[in-house]
Amino acid sequence: MSKKYILFWLLFMSLASCDEGRIYNGFAEQTEEGGAASFSGEVTGTGTWSAGYTIAIAGFGEDNDYAVISKNIDTAVTDGKCNVTLSGIPSYVKTIELCAIDRLRRRIATFISHDYNLKADTLHIDAERVDVSMANAIQTEIFNTTCIQCHGGTGHAAAGLDLIAGNSFGNLISVRARKMPGMDRVSPGKSSESELFMILATDSSAGWNYDHSVEVVRQEKIDLIRNWIDHGAITSNY
């Protein structure tokens with residue numbers, strides 16, 4: 001084989017490789033940028049979260065609780081106007097959410113959710129004011145979906161405990177428990193001495209008229225209540 005032919009062949013292979021993107025260990029790097037979404041609005045309660053959680057703009061696939069892609073909102077920043085753009089969103093993302101996620105990028109609470117279509121232009125999410133506090137996550141994800149049917153939602157508050165938004169935390173924090181002597185319903189900093197946590201995380205209420213431990217079965221929700229209490233049971237906008 002002539003030197004001219006060898007040089008021609010090497011040049012050809014070099015050009016062919018460039019057409020497929022950079023090559024690492026025999027695999028082509030994907031060059032598709034994906035779509036984009038932006039959030040603009042005033043957020044409150046960012047600093048109420050304990051370690052291990054993040055407020056983020058995140059993309060989720062269908063029926064998946066783990067974010068495919070996310071961009072954090074700095075929870076240490078003072079509440080106020082926030083502008084975040086999430087780019088490189090892959091085609092299999094179905095929703096874009098302003099949400100709280102844990103270290104595994106698992107969805108803990110959703111504050112805003114929009115359907116997403118890669119074919120559309122950049123998705124713009126605008127909000128005047130959003131409470132992203134840890135307390136509001138508990139209100140929306142646990143109290144509103146599970147508890148208020150018995151505790152205030154029908155105009156009757158079982159055990160005198162009204163968990164309707166605006167009333168819930170005033171009826172919980174540092175309020176003496178009726179069923180568990182010596183405890184508060186929520187004792188800031190002490191989840192193991194808080195009636196709310198104990199009846200949801202253990203079978204402590206099994207001997208009552210109703211076993212509350214059957215209501216919140218997902219561990220990340222139990223962890224959310226425990227971490228909120230141990231972090232000081234901080235509230236925002238209540």
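What order do the strands take in the open sheet of four? The order is 5-4-7-8, and the pairing is antiparallel. One caution before going on: this is a predicted model. Now the edges. Strand 5, residues 67–73, and strand 8 each have a single partner strand, so one side of each is left without a neighbour in the sheet. Neighbouring strands here are turned by 30° against each other on average, ignoring direction.

Stay with strand 8. Its antiparallel pairing with strand 7, residues 95–102, runs over seven bridges. Ile101 stands opposite Arg107 in strand 8.

Let's look at Arg107. Strand 8 covers residues 107–115, and Arg107 is in it. Is Arg107 buried or exposed? Its relative accessibility is 19%, and the cut-off for buried is under 20%, so Arg107 counts as buried. Its side chain makes a polar contact with the side chain of Thr110, at 3.5 Å. Leave out residues up to four places away in sequence, and Arg107 touches Phe60, Asn64, Asp65, Thr95, Glu97, Ala100 and Ile101.

Look at phi. In general, most residues other than glycine have a negative phi. Arg105 is not a glycine, yet its phi is positive, about 65°. Arg105 sits in the loop between strand 7 and strand 8. With a relative accessible area of 32%, Arg105 is partly exposed. Asp63 is another non-glycine with a positive phi, about 55°. Its loop is the one between strand 4 and strand 5. Asp63 has a relative accessible area of 78%, so it is exposed.

Next, helix 2. What does helix 2 lie across? It lies across strand 4 and strand 8, running at about 75° to strand 8. Helix 2 spans residues 134–147, which is 14 residues. Its end C-alpha atoms are only 17 Å apart. A straight helix would reach 20 Å at 1.5 Å a residue, so helix 2 falls short. Where does helix 2 bend? At Thr140, by about 30°.

Which residues of helix 2 are buried? The list is Met134, Ala135, Asn136, Ala137, Ile138, Gln139, Ile142, Phe143 and Cys147. These buried residues pack against three strands: strand 4 (53–60), strand 8 and strand 9 (123–131). They also pack against helix 3 (195–201) and helix 4 (219–230).

Strand 9 takes us to another sheet. This one is open, has three strands, and its order is 6-3-9, with mixed pairing. Strand 6, residues 80–89, and strand 9 are the edge strands, and each pairs on one side only. Neighbouring strands in this sheet are turned by 15° against each other on average, direction ignored. Strand 3, residues 35–44, pairs with strand 6 in the antiparallel sense, over nine bridges. Within that pairing, Gly41 stands opposite Cys82 in strand 6.

Last stop, Thr235. Thr235 is in the segment after helix 4. At a relative accessible area of 30%, Thr235 is partly exposed. How far is Thr235 from Ser133, in sequence and in space? They are 102 residues apart in sequence, and 7.1 Å apart in space, C-alpha to C-alpha. Setting aside neighbours within four places in sequence, Thr235 is in contact with Ala135, Phe169, Ile173 and Trp228.

Notes:
Residues are numbered from 1 along each chain as its sequence is written. This is a predicted model: local features need pLDDT of at least 70, side-chain atom pairs count only at pLDDT 80 or more; totals for chains, interfaces and linings use all residues. Side-chain values use heavy atoms; hydrogens and water are left out. Helices (H or I, at least four residues) and strands (E, at least two) are DSSP runs, numbered from the N terminus. Buried means under 20% relative accessible area, exposed over 50%, partly exposed in between (1.4 Å probe, protein chains only). A polar contact is a pair of N or O atoms within 3.5 Å; within protein, one must be able to donate a hydrogen and the other to accept it, and residues adjacent in sequence count only if both atoms are side-chain atoms. Contact means heavy atoms within 4.5 Å. The bend at a residue is the angle between axes fitted to the seven residues ending there and the seven starting there. Two strands pair if DSSP finds at least two bridges between them. Axes are lines fitted to C-alpha atoms, for helices over the stretch in contact, and angles run from 0 to 180 degrees between N-to-C directions.
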